[in-house]
Amino acid sequence: MRFIPINVPMLGKEEKDAVMAVLESGALTNASYEWGKFVKEFEGKLKAKVGTKHAIAVNSGTAALHTSLVAYGIGPGDEVVVPAFTFEATANVVLACGAKPVFADIKEDYNIDPADVRRKVTKKTRAMIPVDVFGYPADLDEVREIADRHSVKVIEDAAESLGAEYRGRPAGKTDHSGCFSLYATKVITSGEGGAITTDDDEFADMARLVRNHGMQAGYDTRVLGFNYRMPEMAAAVASVQMDRLDGYIEARRRNSRALTETISSLKGAELRQESTDRRHVWYLYTVFLSKRRDEVVKKLRALGVGAAVYWETPVNRMPLYKRLGYAGESLPMAVSAASHVVSLPVHPGVTEAEIALVAKEFARAVRG
């Protein structure tokens, strides 16, 4: 029996040919302000897809977030509002700037709760980082309204939502900052990689400096920067993957629809990321189980279904954040999600027969 992983990189001959083209050129990276051929090619495809004036390639989603914070001048004494239910990079980059992450609770759809964001804003707040959890866009207009009222920046953590739509516009379409991840198992991949999208010329210029040690014309460091460059091989793979993006998303949506048909009426299992004003990319197909979540996961994995839990611990309760004194914050919805969600495989590599198997075994496990 083949094990069905929760996600897997989808790579073919075109990606191999692209890597070989880079190797044969001998230009493995480029430290110029504009970067190399394949980086520019990938950036062009990304900004066309998202509909922004700029796309800035970096070497991870974490680098995209950190670059954005640094480009906005966020540092010691500043506060950044982040959700408690997310991958820890969202908060770690705030600490890396010397700033303070302020944790907000989430709604039933696992995304940051604008009402709690409003409560968490202080005179020290400089930015907010809503996360499009599992590929489902957050309440971006509501968060932006709060941000505008307090003259702070919104950095959309769209690590999992490339190709998603919110009220008719693509995830990452913003005049502030949109941040994507191209990690090995994301919607598309470059192995490791990330990117920033924006319509803000000044911010884009600063982000390009930050990703390259603050250099613009040779060794002329002008601002604090880092080596967040995307290598040409990674960019070559990412460029090919951009051509596959629409097909990947359609496959995810097709698999998700098939799964939903079988389990939508299942007692004790609830889909919480469905809305008419946004389009999910189903990076993760996530179900809220009212009971026995861990037992269900164990049963499925024993049967070859790569069920997974994202995330078992809210960020504010991670060991690091416990030591920093954040664990005592009351964030009941984040705690509930961490205790009850399970994600099922719907990636493009899952076949129709495998989706049927996942649905059948999931329903059997839930019913006990």
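Before the details, two remarks on conventions. Residues are numbered from 1 along each chain as its sequence is written. Because the model is predicted, local features need pLDDT of at least 70 and side-chain atom pairs count only at pLDDT 80 or more, while totals for chains, interfaces and linings use all residues; side-chain values use heavy atoms, with hydrogens and water left out.

Let me begin with the strands. Helices (H or I, at least four residues) and strands (E, at least two) are DSSP runs, numbered from the N terminus. Two strands pair if DSSP finds at least two bridges between them.

Strand E2, residues 79-83, runs parallel to E4, and three bridges join them. Within this pairing, Glu79 stands opposite Thr125 in E4. E4 is also joined to E5 by two bridges, again in parallel, and there Met128 has Val154 of E5 as its bridge partner.

The antiparallel case is an open sheet of three strands in the order E7-E6-E11. Strand E7 (169-170) and strand E11 (278-279) stand at the edges with a single partner strand each, so one side of each is left without a neighbour in the sheet. Between strand E6 (residues 165-166) and E11 there are two bridges, and Tyr166 is partnered with Arg278 of E11.

I turn now to the aromatic residues. A pair of aromatic rings is described by the distance of the centres and the angle of the planes. In this analysis, rings of Phe, Tyr and Trp (its six-membered ring) pair if their centres lie within 6.5 Å; planes under 30 degrees apart count as stacked, over 60 as edge-to-face and the rest as tilted. How many aromatic pairs does a search of the whole structure find? The search returns 12. One of them is the stacked pair of Phe134 and Trp311, at 5.4 Å centre to centre and with 25 degrees between the planes. Phe134 lies in the loop between strand E4 (125-128) and helix H6 (140-150), and Trp311 in the loop between helix H9 (293-302) and helix H10 (319-323), so the pair ties together parts that are 177 residues apart in sequence.

Are these two residues buried or exposed? Phe134 and Trp311 are both buried, where buried means under 20% relative accessible area, exposed over 50%, and partly exposed in between (1.4 Å probe, protein chains only). They also belong to one aromatic cluster together with Phe85, Tyr110 and Tyr310.

Phe134 has a further contact, this time through its backbone. Its backbone nitrogen lies 2.6 Å from a polar atom of the side chain of Glu160. This is a polar contact, that is, a pair of N or O atoms within 3.5 Å; within protein, one must be able to donate a hydrogen and the other to accept it, and residues adjacent in sequence count only if both atoms are side-chain atoms. Glu160 itself lies in the loop between strand E5 (153-157) and E6. Glu160 is buried yet has no salt bridge, the nearest side chain of opposite charge being Lys186, 4.8 Å away. A salt bridge is a side-chain nitrogen of Lys or Arg within 4 Å of a carboxyl oxygen of Asp or Glu; for charge, Lys and Arg count as positive and Asp and Glu as negative, while His and the chain ends are not counted.

Ser60 lies in the loop between strand E1 (54-58) and helix H3 (61-71), and counts as buried at 16% relative accessibility. A polar atom of its side chain lies 3.4 Å from the backbone nitrogen of Thr62 and one lies 2.8 Å from that of Ala63.

Finally, some points of backbone geometry. Most residues other than glycine have a negative phi, and most peptide bonds are trans. Which residues does a cis peptide bond join? They are Tyr310 and Trp311, with omega about 0 degrees. His213 is partly exposed, with a relative accessible area of 35%. Trp282 also has a positive phi of about 55 degrees; Trp282 lies in the loop between E11 and strand E12 (285-289) and is buried, with a relative accessible area of 11%.
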